[in-house]
Amino acid sequence: MKKGGSFFWGVFLGTIAGLIVGMILSTKKEEKIKNILDKKTEELRDNLQKIGKKIGKKVHKIKSDFESKWKKNKIENMDQVEDELGT
């Protein structure tokens, strides 16, 4: 009977020791994973900001080009109208 009791105590103590070691290692792993995720999130945010700035510059350039062409075309049309009206 002593052998059976010793076996269960060994299993019980082994389980407790395993849980303690697991908790200690898991917090380190969680911190490591959290640090990795924080770095990747920051890199992603920086990349998205860079892309946003590039897109903003291109949109501004397209808008400026369109406005300048619109004004130029509008002025040329006004000149044609004035020529036709003789004013």
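Predicted model: local features only at pLDDT ≥ 70, side-chain atom pairs only at ≥ 80, totals over all residues.
Residues are numbered from 1 along each chain as its sequence is written, and side-chain values use heavy atoms, with hydrogens and water left out.

Now the overall picture. How many helices and strands does the protein chain have? The secondary structure comes to one helix and zero strands. Helices (H or I, at least four residues) and strands (E, at least two) are DSSP runs, numbered from the N terminus. Helix H1 covers residues 2-85, and Lys58 is found in it. Of the 87 residues in the chain, 0% count as buried. The chain exposes about 8,700 Å², and carbon and sulfur atoms supply 66% of that area. Accessible areas come from the Shrake-Rupley method with a 1.4 Å probe, and for residues only the protein chains shown count as cover.

Back to Glu43, and on to salt bridges. A salt bridge here is a side-chain nitrogen of Lys or Arg within 4 Å of a carboxyl oxygen of Asp or Glu. A search of the whole structure finds three of them. In one, Glu43 is joined to Lys40, with the closest N and O atoms 3.9 Å apart. Lys40 and Glu43 are three residues apart in helix H1, so about one helical turn separates them.

Another links Arg45 and Asp46, whose closest N and O atoms are 3.6 Å apart. Arg45 is partly exposed at 46% relative accessibility, and Asp46 is partly exposed too, at 29%.

Then we have Asp65 and Lys61, whose side chains meet at 3.2 Å, N to O. Both lie in helix H1, four residues apart, which is about one turn of the helix. Is Lys61 buried or exposed? At 52% relative accessibility, Lys61 counts as exposed, whereas Asp65 is partly exposed at 33%.

Next, patches. They are made of residues with over 30% relative accessible area and no salt bridge; like charges are joined within 9 Å, and nonpolar side chains (Val, Leu, Ile, Met, Phe, Trp, Tyr) within 5 Å. Which residues form the positive surface patch? They are Lys50, Lys53, Lys54, Lys57 and Lys58. Lys and Arg count as positive and Asp and Glu as negative, while His and the chain ends are not counted. The place of a charge is taken as NZ of Lys, CZ of Arg, CG of Asp or CD of Glu. Lys58 has a relative accessible area of 60%, so Lys58 is exposed.

There is also a nonpolar patch on the surface, with about 900 Å² of accessible area together; its members include Trp9, Phe12, Ile16, Val21 and Leu25. Val21 is found in helix H1 and is partly exposed, at 46%.

Last topic: aromatic rings. A pair of aromatic rings is described by the distance of the centres and the angle of the planes. Rings of Phe, Tyr and Trp (its six-membered ring) pair if their centres lie within 6.5 Å; planes under 30 degrees apart count as stacked, over 60 as edge-to-face and the rest as tilted. The whole structure holds two aromatic pairs. Phe7 and Phe8 form an edge-to-face pair, 5.6 Å centre to centre with 70° between the planes. Trp9 and Phe12 have ring centres 5.9 Å apart and planes at 85°, so that pair is edge-to-face. Trp9 and Phe12 are three residues apart in helix H1, about one turn of the helix. Trp9 is exposed at 55%, and Phe12 is partly exposed at 47%.

Terms used:
Buried < 20%, exposed > 50% of the residue type's maximum accessible area, 1.4 Å probe, protein only.
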